[in-house]
Amino acid sequence: MGASSSPHPMAEPLKNPESYLDCNATTPVLAPIADAVSRTMRELFGNPSSSHITGLKARYILEDTRNLARQVIAADSGKLLFNSGATEGIQTAVLSALIHAKQQPMPEAPVLLYGATEHKAVPQALEHWNKLLDINAELVAIPVNRQGLLDLSWLAQHLPRALMVCTMAVNNETGVYQDLTALEQLIRQHRADVPWLVDCVQALGKMPLQMSETSIDYATFSGHKLYGPKGVGFLYVRDQAPYTPLMIGGGQEAGDRSGTENLPGISALRALFKLMLDPQQTLLATHQRLEDYRQRLLNALQQAFPNLVVNHPLNGSVPTTLNFSVAGLSSTDIMNTLDACQVRVSSGSACSSGVSRSFVLDAMGLENWRSESAIRLSFGPAMTDAELALACQRIETAGNALRESCLVVADTHADSEQPLNGVVQLRQGNQCCYLVIDQQAQEMVVIDPHPALAQRIENLVKCRGYSVNAVLSTAASETPSATTWLNPLLTAQSATDALGWPESAAAQCDQAPLSAPQALPGCIKVGQRRLWGYGTQQRGYVLSEPVTEQPLAADFLFPGKVTEAPWLAPVLAQQPLVCPAEDGQWQIVLTACEWTQGCEPATQPKLIPVTHNEAWLNDESICVLDVRDSQEALLNPIQAAAEVINVPLNSLPQFIYQNRANKAQHYVCLCRSGKRSEQVSQVLQRHGFSQVEHLQGGVALLGAVEQSNAKSA
């Protein structure tokens with residue numbers, strides 16, 4: 001590792017506007033909608049319940065918006081109530097249905113049915129009111145197939161015992177839409193009276209809705225999913241559906257939803273509905289154009305990520321959503337790189353946590369790696385050709401950055417400014433795999449490869465041209481299949497034991513860090529480094545760095561799941577850095593006393609708040625540790641007079657080892673959001689580094705406060 005040199009040609013800071021492709025989470029507010037909100041706040045600020053002219057003007061806005069909403073969702077009858085959004089609507093619908101169920105004869109073993117891919121707001125609302133009303137029904141998820149469609153045969157079997165059925169029109173992660181007509185026929189065939197809630201949040205503006213032609217009892221909508229502000233939405237309730245107000249006190253909305261109406265938010269819906277109903281408008285794209293946009297984005301993604309797999313059927317999902325995974329890449333790798341290119345997407349995992357699975361893809365029965373590495377890209381009907389072209393260009397830049405970091409294989413690769421060297425940690429969930437690399441000799445040993453990491457390791461070997469001297473495991477009973485997959489990469493094809501230890505190791509290295517029972521004969525060379533094995537069925541490995549003094553020191557210990565062994569205590573006595581096989585707490589690398597649970601917990605790192613004063617960036621006594629991945633650092637380098645070193649999380653064990661004699665140095669850690677830098681700060685403090693701080697909010701906010709204050713001044 002070294003200080004970053006002159007900026008990489010591809011590392012020119014990218015300029016705004018950002019390419020925002022996370023519209024299923026929320027959308028920006030369109031200019032005409034924001035103008036309507038502003039005008040209402042300035043000129044039409046009356047209370048709709050007031051009887052004077054100012055109030056009457058506000059009442060007109062309220063009722064005109066309601067009439068427009070009825071046209072948008074084709075609801076000639078039934079209640080249409082303005083509220084704070086879909087979550088409130090779901091709560092209201094569930095409360096209404098369950099109070100009604102409590103007043104009726106209860107079926108034997110009652111159930112509350114909801115789609116297995118439903119937004120968590122639904123099952124959590126069901127659980128809450130089921131418990132609070134003391135109904136004690138069983139919550140049961142309706143299974144889906146690999147295309148994300150509900151299992152209608154299963155549903156038919158369980159409908160006779162159902163107190164409520166909850167489904168969604170369009171899934172928020174995959175964009176998969178349900179066949180509401182087939183669902184209605186099935187539900188009403190078996191239970192004409194069961195309350196049916198449909199989450200229509202992602203359907204508004206993306207598929208036709210005909211509420212008056214269906215027997216849907218409740219439908220929920222949110223303004224901020226389609227270019228409106230947050231905090232406003234509406235609930236449709238069919239005339240025959242049971243209804244109990246969630247909020248009482250004031251009598252607004254004819255007593256069905258008390259609380260002074262959010263008139264600016266409702267005005268935003270009014271402006272939106274006028275756009276949707278105007279046949280001459282050109283702001284919102286047609287379905288065919290949106291299909292074309294999605295295909296062009298998919299083409300750009302496939303060019304950037306050759307191993308990309310789409311996680312849903314394109315012909316069974318709305319055209320504004322793409323959910324994909326890339327073999328050999330984690331969702332964090334992709335999202336952080338795209339974010340550095342100013343492309344905003346959603347990931348199933350955050351940079352500060354272990355892999356977070358997608359419960360939607362799990363419910364669809366997709367492979368583990370697809371669930372653990374899924375990315376959701378979503379855009380809105382107001383996407384323009386220029387925005388699309390910019391997004392595709394930035395996706396191409398992200399793909400190039402991943403190629404240069406050897407996360408994606410290409411025919412040619414530029415020399416990386418941050419070559420891997422020493423001990424590198426790769427993770428799959430809580431499981432840790434280690435690469436011992438000598439960059440100069442271009443040699444590598446793999447310890448405990450996880451199957452999901454095999455493609456990534458193979459990419460690295462092909463990209464860097466490494467010789468793989470061994471693929472090792474620490475436990476015979478848990479030897480992962482990736483060990484077998486990676487064996488063809490081995491340079492020396494000598495016979496091995498069950499854990500990958502080559503017979504040729506016996507002829508090498510007659511000097512070991514310690515003599516101990518169960519020591520394997522010889523060692524494995526990795527450039528100037530030496531790797532020694534101890535144990536039989538449960539095996540640990542000890543790494544010695546090149547030294548001149550005798551005897552050799554145990555610098556790194558890879559213990560696997562070994563906790564007690566005759567050879568372990570002498571190794572720990574040499575105070576190696578311990579690289580755990582499992583690391584659910586993100587400790588990264590342990591001291592010997594932490595491994596034996598003899599150390600106090602780490603103290604909290606100091607913060608550098610995001611303020612006007614960023615003088616520390618120009619303090620030459622400070623060393624700035626940029627803990628972002630190398631491709632992020634290349635795309636958006638830190639400009640500072642202080643020394644800046646790129647130390648990604650996977651290289652932290654080697655950095656600690658190399659700087660063990662420099663623990664008094666003043667370090668400031670930073671990353672994209674402040675989460676990884678906080679982790680690194682804690683790890684360094686645990687290892688005795690005495691002057692460590694981290695930037696709260698990360699580089700995402702660096703300078704943002706100043707810009708915001710300047711605009712408001």
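**Cysteines and disulfides**

Reader: Does C671 count as buried or exposed?
Author: In this predicted model, C671 has a relative accessibility of 0%. Burial requires a value under 20%. C671 therefore counts as buried.

Reader: How many disulfides does the structure hold?
Author: A disulfide requires two cysteine sulfur atoms within 2.5 Å. C406 and C463 form such a pair, with sulfur atoms 1.8 Å apart, and C509 and C523 form another, also at 1.8 Å. The number of disulfides in the structure is two.

Reader: How many residues apart are C406 and C463?
Author: C406 and C463 are joined by a disulfide. This pair links distant parts of the chain, with C406 in the loop between α12 (385-404) and β14 (422-428) and C463 in helix α13 (residues 454-464). Both cysteines are buried. Their separation is 57 residues.

Reader: What is the handedness of the link of C406 and C463?
Author: The angle about the S-S bond of C406 and C463 is -50°. With that angle, the link is left-handed.

Reader: What sequence separation does the disulfide of C509 and C523 tie together?
Author: The sulfur atoms of C509 and C523 are 1.8 Å apart and form a disulfide. Both residues lie in the loop between α14 (481-486) and β18 (524-526), so the pair ties together parts separated in sequence by 14 residues.

Definitions and conventions
Residues numbered from 1 in each chain as written. Predicted model: local features only at pLDDT ≥ 70, side-chain atom pairs only at ≥ 80, totals over all residues. Heavy atoms only, no water. Helix = DSSP H or I, 4+ residues; strand = E, 2+ residues; numbered from the N terminus. Buried < 20%, exposed > 50% of the residue type's maximum accessible area, 1.4 Å probe, protein only.
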